[in-house]
Amino acid sequence: MPSSFIRRALAASFLLVAAAAELPAAAQLSAQASPVVTTPRVRAELMAYAPDGVAPGAQVWVGLQLQHQPQWHTYWKNAGDSGLPTELSWTLPAGVTAGEIAWPTPHKIPVGTLANYGYENTVLLPVPLTVSPEFKPAASLTGGSASVDVRLKATWLVCRQECIPEEGSFTLKLPVQGTTALNRPAFDAAFDAAPAPLSRPGQIQVEGQQLKLRVEGLPASAQGRPLEFLPETGEVVHNAAVSGKDWQQAWEGGTWTATYPLAEQRSASPDAMPVVLALAEPKAGDKPLAWRVEAPVSGNWPATAAPAARAEVSPALQAALKENAATAPATTPFAASSLAMALLGALLGGLLLNLMPCVFPVLAIKVLGFARQSGDHGGHRRAALAYTAGVMISLLALAGAMLALRAAGAQLGWGFQLQSPAVVAGLAALFTLIGLNLAGVFEFGRVAPASLCGAQSARPLVNDFLSGVLAVVIASPCTAPFMGASLGFAITLPAGQAMLLFAALGFGLALPYLLAGFIPAVARLLPRPGRWMQTLQRLLAFPMFATVAWLVWVLGQQSGIDGAGALLALLVCLSALVWSFTLRGRARVVIASVLLVCTAVLAAGIGPNIVQGTPPAAAAVAGAQDRWQPWSTQRVAELNAQGRPVFVDFTAAWCVTCQYNKKTTLADAEVLAQFQSRNVALMRADWTRRDQAITAAITALGRSGVPVYVLHVPGKAPVVFSEILRKEELSSALAALSP
C-alpha cells in the first residue's frame with residue numbers, strides 16, 4: 001500500500017534529521033568538558049599559573065582569557081553607561097577558595113554621547129586561589145599524581161554595535177605537585193596591566209554638579225603627564241567627558257588635581273570612591289601604566305535622579321527603541337498577555353501551514369486514506385488522534401533539539417536541519433521513493449517481507465502516526481504568517497514555556513485533520529471509494545517529484561552544480577534499484593545485484609560532492625549580478641553611517657516562503673524603483689547553510705527562522721516586516737523615507 005510505505009520510509013528520514021542534529025550536540029558536549037569555549041565573537045580559555053604546585057601558602061592563580069574578534073569588546077567591573085561586567089562563578093574542592101578578579105586597567109570606549117569601560121583584542125582576568133591547611137587532594141583512581149579540579153561558569157556581554165550575552169562552562173585539572181607555568185607570559189602581562197595601589201588616600205570634594213579631586217603620592221614617572229580618570233563606582237560621573245573640554249586636570253608639584261562633572265542621571269552617592277588613574281599617553285617601557293587610589297568623599301551630594309534603565313545596545317538604537325515604545329503598548333518578555341498572544345500566533349501559524357505548498361501534498365494523501373475508511377467513523381477518529389500525536393511528538397522533539405543545542409551554545413533556528421546537505425539529500429531520496437510508490441512503480445508488499453506487510457496491516461495507527469511526522473519534516477522549510485514573531489519569542493522564554501509555544505504550533509498544524517476525524521459531515525463530503533482513488537494516487541506522485549526537484553536545487557545552492565549533479569545521478573540509481581526489486585526470479589537477483597554494485601561505486605566516487613561547500617567567491621559573483629549585496633553587520637553599519645537606509649532579506653534556498661517573496665514582492669518593478677529613488681541599499685543574508693552571524697542577527701530581531709525582512713534607517717529602530725511580504729506594506733515604509 002502506498003501510504004504504508006510512505007510512513008515507513010519517513011521513519012528512516014526522521015532518524016537522519018535527528019542524527020544531523022546530534023552532530024553539533026556532540027561537539028557542544030565535548031566543548032563543555034574542556035578549558036576552551038569558542039563563539040563567533042570570542043575565544044574564551046580557562047588558564048592557570050601555579051609555579052610551585054597547589055599547596056598551602058603557594059602562589060596559585062587561575063584566570064579567564066578572552067580573545068575578541070576585531071571591533072568586539074567586553075566590559076570592566078564598571079561597565080560605564082551601558083554593558084555588563086564579566087562574571088565568574090567557581091566550583092572548587094574543599095579547602096580551596098577563589099578571590100576577586102584582579103582587573104587589568106581598561107580603556108574608555110566612546111559610544112556616541114556615552115562611554116563604556118572595557119577590553120578589546122586579548123585580555124586575561126586573573127583570580128587568586130587560596131589553599132588552606134585543611135586542603136586534602138583527592139587520590140587518583142588511576143594511580144597517577146593527584147590533581148585539583150577547577151570548574152568555572154562564566155558569563156560575559158560582548159558588544160560591537162549590537163550586544164550579545166554569552167556564557168561558557170570550563171574545566172581544568174591542576175597537578176598538586178609540579179609546576180604549572182606554561183601560561184606565565186599571559187599572567188605576567190595581566191599583572192603588568194593591573195593598576196598599582198597608592199599608599200596615600202586621595203581626596204574628593206563634591207561641589208554642586210562637579211567633583212574636585214586631589215591625589216598625592218603618584219610616582220615621578222607619572223608627574224606632569226595627562227591621566228585618564230576611571231571610576232570603579234558606576235552611575236556617578238559623566239563617563240563620556242573629554243579631558244580639556246568637559247573636565248580639567250592639572251599638576252600642583254607632585255599633586256594631581258582635577259574637576260570632573262557628575263552624571264546627569266546619577267543614581268549613587270558613595271561615601272568613598274575607588275578610582276584608577278591611567279597614563280593617557282603611555283610610552284614604551286612605562287611600568288606601571290595605572291594606579292588605584294581609595295578616596296573618601298566630602299561635601300553634600302545633589303539629589304539623585306530616578307534610576308535610569310541601563311542600556312545594553314548602542315545609544316542610537318536605544319533612543320529609537322524608546323521612540324518606538326511610545327507608540328506601542330508596554331510589555332515584558334514573560335508577561336502573561338504576551339505569552340497568550342504568542343500562543344495564539346503559533347496556533348494560527350500552524351493552521352496556515354496547511355495551506356503552504358510544503359504540507360498540502362501530505363493532506364492530499366490523508367484525504368486518500370480518509371476515503372478508504374469511508375463509513376468507519378471510529379477509524380476516522382483513531383486515525384486523526386494518531387496523526388495529531390505524530391505531529392505533536394515529532395515537532396516537540398525537533399523543537400527540543402533546537403532549544404537544547406542553542407542552550408549548549410549552537411547558533412540555530414527554525415529549519416536548522418535543512419542547513420545540512422546530507423539531510424537535504426536524504427529527504428530528496430525519501431521523496432523520490434514516495435513518488436515512485438505513488439506512481440505505481442513498486443508496491444510495498446512486493447519489495448518487503450511478508451511478515452512486515454502483515455504487521456503494517458495489523459497496526460494502521462502507526463501509519464497515521466508516521467504521516468504526522470512526515471507533515472512536520474516537510475513543513476520545516478515553511479514559515480507561515482504569525483509564526484515568525486511567535487517562534488522568535490519562544491527562544492527567549494524558559495524551556496517549558498517555549499515548548500508550550502511549539503505545542504500550540506503543532507496543534508494548529510494537526511487541527512484540520514483532527515476536526516475532520518471527529519465531524520462525520522466532513523467524511524460525507526468525499527465521494528465513495530472507486531477508480532478515482534487510483535487516479536488521485538498517481539496524480540499525487542507529481543507534487544512529490546516537484547519536491548525532489550526543489551530539494552536538488554537547494555542542494556545546488558549549498559554544494560554547487562557538482563553536488564546537485566551527483567545527487568541526481570544517485571537518485572536515478574536508487575530508482576532503478578527499487579524497480580529491480582519488483583522483478584521475479586533470477587532476473588531480480590542478477591539485475592538488482594548489478595545495480596547495487598553500480599550504485600555503491602557511484603556513491604563512493606561522486607557522493608562526497610554532495611556535502612562539499614560552495615566557494616565563497618561564487619556567492620559574491622551571484623550577488624554582483626544584480627542590485628543585491630552580500631550582508632554583513634559591518635557593511636550595514638557603514639551604510640547607515642553614510643546616511644543610507646538598508647533593506648536586508650534574510651533568506652534560504654530551502655525556505656519556500658522566501659522564494660515566493662523573492663519572485664513576487666521583491667521582484668516587483670514599482671518596489672525596486674522605490675528602493676532606488678530612496679537610495680536604499682539592498683542586502684541579502686543567505687542562511688541556506690548554517691551561519692552563526694546570521695543566526696545571531698535573526699535572534700536579535702526577535703525571530704528564530706527565515707524569512708525575515710528588516711529595514712535599517714539611520715537613527716531609528718529597525719522595521720521588521722511580516723513573513724508573507726506584501727507590496728503595500730513595503731511601499732508604505734519606503735514612502736516614509738526622504739527621497
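**Salt bridges, sheets and a surface patch**

The side chains of Lys173 and Asp149 form a salt bridge, with 2.6 Å from N to O. A salt bridge here is a side-chain nitrogen of Lys or Arg within 4 Å of a carboxyl oxygen of Asp or Glu. Lys173 lies in strand β11 and Asp149 in strand β10, so the pair ties together parts that are 24 residues apart in sequence. Helices (H or I, at least four residues) and strands (E, at least two) are DSSP runs, numbered from the N terminus.

The model is predicted: local features need pLDDT of at least 70, side-chain atom pairs count only at pLDDT 80 or more, and totals for chains, interfaces and linings use all residues. Residues are numbered from 1 along each chain as its sequence is written, and side-chain values use heavy atoms, with hydrogens and water left out.

How exposed are the two partners? Lys173 has a relative accessible area of 56% and is exposed. Asp149, at 33%, is partly exposed. Buried means under 20% relative accessible area, exposed over 50%, and partly exposed in between (1.4 Å probe, protein chains only).

Strands β10 and β11 belong to an open sheet of three strands, in the order β5-β10-β11. The pairing is antiparallel. Two strands pair if DSSP finds at least two bridges between them. β5 (87-91) and β11 (163-175) are the edge strands, and each pairs on one side only. Neighbouring strands in this sheet are turned by 15° against each other on average, direction ignored. For such angles, axes are lines fitted to C-alpha atoms, for helices over the stretch in contact, and values run from 0 to 180 degrees between N-to-C directions. Five bridges join β5 to β10 (residues 147-159). Ser89 stands opposite Lys153 in β10.

A second open sheet has five strands, in the order β1-β2-β3-β9-β6, again with antiparallel pairing. β1 (36-38) and β6 (96-98) stand at its edges with a single partner strand each, so one side of each is left without a neighbour in the sheet. The twist averages 20° from one strand to the next. Inside this order, β3 (residues 60-68) and β9 (residues 122-131) are joined by eight bridges. Gln67 faces Thr122 in β9.

Strand β4 (residues 74-80) has six of its seven residues buried, so it is largely enclosed by the rest of the structure. β4 pairs with β8 (residues 114-119) in the antiparallel sense, over three bridges. Thr74 stands opposite Tyr119 in β8.

Back to the charged pairs. Side chains of opposite charge can pair when their charged atoms come close. The whole structure holds 17 salt bridges. One of them joins Glu232 and Arg292, at 2.7 Å from N to O. Glu232 lies in the loop between β15 (227-231) and β16 (248-252), and Arg292 in strand β19 (residues 290-298), so the pair ties together parts that are 60 residues apart in sequence. Glu232 is buried, at 13% relative accessibility. Arg292 is partly exposed, at 28%. Both residues belong to a network of salt bridges that links Lys77, Glu232, Arg292 and Glu294.

Another salt bridge brings together Lys727 and Glu670, at 2.9 Å from N to O. Lys727 is partly exposed, with a relative accessible area of 26%. Glu670 counts as exposed at 53%.

Next, helix α7 (residues 421-439). Its 19 residues should span 27 Å at 1.5 Å a residue, and its end C-alpha atoms are 27 Å apart, which agrees. The expected span is 1.5 Å times one less than the number of residues. Of the 19 residues, 15 are buried, and the helix is mostly covered. Gly440 follows α7, with a positive phi near 90°.

Last, the surface. Val441, Trp579, Val589, Val590, Ile591 and Val594 form a nonpolar patch with about 490 Å² of accessible area together. Patches are made of residues with over 30% relative accessible area and no salt bridge; like charges are joined within 9 Å, nonpolar side chains (Val, Leu, Ile, Met, Phe, Trp, Tyr) within 5 Å. Accessible areas come from the Shrake-Rupley method with a 1.4 Å probe; for residues, only the protein chains shown count as cover. Helix α16 (residues 585-606) gives the largest share of the patch, four residues. Val589 is found in α16, and at 54% relative accessibility Val589 counts as exposed.
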